[in-house]
Amino acid sequence: ETISLQFITMNNDSVLRLLQRDTLSFLLLGDIHNSLTNKHMEALANRHSDIQFWAQLGDWMERPYHYYEQRMYQSLLGTGMDTLPIVAIPGNHEYLKGVVKTLPQHWKTIFPNPHNGPARFLGTSYYVDFPQLRLIALDTDGLHRMSDYTQVAFWLKKTLREAGKKFTIVMMHHPVYSTAEGRSNPLIWLAFQGAMREADVVFSGHDHNYARRIEYYKARFWKKEEPTVFIATNASNKKYPVKENSKYEASLSGEPVYEYIVVTPLGLHIATYKIHTGERIDSMEILR
């Protein structure tokens with residue numbers, strides 16, 4: 001049994017046209033695992049009534065079954081978040097377990113995303129362009145063969161380089177740099193760490209905590225290098241301790257958080273807040 005539901009996504013041309021504006025604001029949520037209630041979503045919508053859309057990093061559902069899809073749907077109804085477009089990717093909890101994990105076909109019906117990504121990942125890896133921002137979504141749980149990693153990494157590097165002067169944000173479920181003990185993803189690091197030097201900010205979930213670090217890539221003589229900001233975030237009640245790392249600019253474990261992001265012609269501003277209280281715990285800005 002599947003839910004009869006379709007979210008508003010960036011595959012809708014009329015929606016995307018309305019978002020072609022120089023100043024944009026949106027919310028970004030990491031793992032949710034069905035732990036955010038209708039009241040939580042309503043509070044977020046009221047707290048940030050200026051946003052044009054929102055984004056989610058996978059593991060919204062605890063498992064890809066009808067019961068959890070219903071809970072996901074019920075948490076949004078009438079909150080204001082249910083009328084906003086969403087940029088979504090699947091996490092490992094949206095995939096069905098097996099020798100080779102598979103994404104239920106109806107996930108793509110629920111989230112009819114743009115089909116501008118790598119050939120094997122149409123509808124799950126893709127990008128969205130705005131006047132000042134290119135937002136890139138990566139499906140990291142569908143990577144099974146080495147050729148999957150190669151194809152997606154090649155596409156990612158090309159998509160970042162072709163962004164021109166736009167700010168670039170990458171969304172992925174599994175992190176390049178793990179922030180929790182025993183949860184490293186060596187193939188993710190190997191495939192994508194180098195490509196990410198072209199990105200301004202990389203968001204990831206999966207590790208159930210908050211941590212922000214800046215990676216200063218080794219300079220290349222033919223190109224002015226800018227650092228890349230890596231942010232791990234978590235909107236669920238699940239939690240892992242943050243793995244100690246002297247490179248963190250900020251970190252938090254034990255409480256769900258989210259990001260409020262504003263993009264203008266002059267800069268990219270990111271603020272992180274606690275979901276339950278609205279307390280700001282971190283903020284950063286990248287200026288032109």
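The following conversation concerns a predicted model of one protein chain.

Colleague: What does the secondary structure of the protein chain come to?
Modeller: The chain has six helices and 13 strands.

Colleague: And why does the radius of gyration agree with a compact globule?
Modeller: For 288 residues, a compact globule would have a radius near 19 Å, and the chain has 18 Å, so the two agree. The C-alpha trace spans about 55 × 45 × 40 Å along its principal axes.

Colleague: How many of the 288 residues are buried, as a percentage?
Modeller: Buried residues account for 59% of them. Of the contacts between residues at least 6 apart in sequence, 72% join residues at least 24 apart.

Colleague: Turning to strand E11, is it enclosed or exposed?
Modeller: E11, residues 257-263, is largely enclosed by the rest of the structure, because seven of its seven residues are buried.

Colleague: Which residues lie on each side?
Modeller: Val257, Glu259, Ile261 and Val263 are on one side, with Tyr258, Tyr260 and Val262 on the other; both faces are covered.

Colleague: Which strands pair with E11?
Modeller: Strand E1, residues 24-29, pairs with E11 in the antiparallel sense over five bridges, and Leu24 stands opposite Val263. Strand E12, residues 267-274, also pairs with E11 in the antiparallel sense, over seven bridges.

Colleague: What joins E11 to E12?
Modeller: A hairpin does, through three residues.

Colleague: Changing topic, how far apart are the mean positions of the positive and negative charges?
Modeller: They are 5 Å apart, for 32 positive and 30 negative charges.

Colleague: And what does the accessible surface come to?
Modeller: About 12,700 Å², with 52% belonging to carbon and sulfur atoms.

How values were computed:
Residues are numbered from 1 along each chain as its sequence is written. This is a predicted model: local features need pLDDT of at least 70, side-chain atom pairs count only at pLDDT 80 or more; totals for chains, interfaces and linings use all residues. Side-chain values use heavy atoms; hydrogens and water are left out. Helices (H or I, at least four residues) and strands (E, at least two) are DSSP runs, numbered from the N terminus. The radius of gyration is taken over C-alpha atoms; the globule rule is 2.2 Å times the number of residues to the power 0.38. Buried means under 20% relative accessible area, exposed over 50%, partly exposed in between (1.4 Å probe, protein chains only). Contact means heavy atoms within 4.5 Å. Accessible areas come from the Shrake-Rupley method with a 1.4 Å probe; for residues, only the protein chains shown count as cover. Lys and Arg count as positive and Asp and Glu as negative; His and the chain ends are not counted. The place of a charge is taken as NZ of Lys, CZ of Arg, CG of Asp or CD of Glu. Two strands pair if DSSP finds at least two bridges between them.
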